[in-house]
Amino acid sequence: MVKPRKIVDARSDKDGNISHVLLEGNQNFTPVDKAVGMADQGKVENAHAVHPKVGDPYLRSNPDGDTKNNLDEMAKS
């Protein structure tokens with residue numbers, strides 16, 4: 001089994017939604033739709049996929065009490 005990868009950075013679109021994430025060891029950002037699929041397969045260490053009844057699936061950081069590693073915070077810097 002492949003070791004899960006950690007998200008280390010994120011980018012947001014003009015509406016403030018996470019659009020791309022940077023996985024540890026990668027040089028290029030991965031589109032969030034691909035990262036959602038990876039999270040569903042257990043290939044992302046620090047986030048999980050959310051599949052709402054209405055709207056597109058998205059990523060959410062796993063809760064750990066530290067707001068600095070939330071995807072929205074990563075996208076701000």
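Author: What follows takes the labels one by one.

Author: This is a predicted model, in which local features need pLDDT of at least 70, side-chain atom pairs count only at pLDDT 80 or more, and totals for chains, interfaces and linings use all residues. Residues are numbered from 1 along each chain as its sequence is written, and side-chain values use heavy atoms, with hydrogens and water left out.

Reader: What makes Thr30 count as buried?

Author: Buried means under 20% relative accessible area, exposed over 50%, and partly exposed in between, with a 1.4 Å probe and protein chains only. Thr30 has 8% relative accessibility, so the residue counts as buried. With neighbours within four places in sequence left aside, its contacts (heavy atoms within 4.5 Å) are Ser19, His20, Val21, Leu23 and Ala35.

Reader: How many bridges join strand 1 to strand 2?

Author: Five bridges join these antiparallel strands, so the pair also meets the requirement of at least two. Ser12 has Ile18 in strand 2 as its bridge partner. Five residues lie between the strands of this hairpin, where Gly16 has a positive phi near 90°.

Reader: What makes strand 1 and strand 3 edge strands?

Author: The open sheet has three strands in the order 1-2-3, with antiparallel pairing. Strand 1 (7-12) and strand 3 (30-31) each pair on one side only, and they are the edge strands.

Reader: How do you know that the buried residues of helix 1 are on the same side?

Author: The buried residues of helix 1 are Val32, Ala35, Val36, Met38 and Ala39. They cover an arc of only 160° around the axis, and therefore lie on the same side of helix 1; the arc is that of the directions from the helix axis to the C-beta atoms. These buried residues pack against strand 2, strand 3, strand 4 (47-50) and strand 5. Exposed Asp33 and Lys34 are on the face turned away from the buried side.

Reader: What makes a set of grid points a pocket?

Author: On a 1 Å grid over the protein atoms alone, a pocket is an open set of points with protein on both sides within 12 Å along at least five of seven lines, and lining residues have an atom within 4 Å of a point. The largest pocket has 14 lining residues, with Asn17, Ile18, Tyr58, Leu59 and Asp72 nearest its centre. Strand 5 gives the largest share of the lining, four residues.

Notes
1 Å grid on protein atoms, 1.4 Å probe; cavity = no way out; pocket = protein on both sides within 12 Å on 5 of 7 lines; lining within 4 Å.
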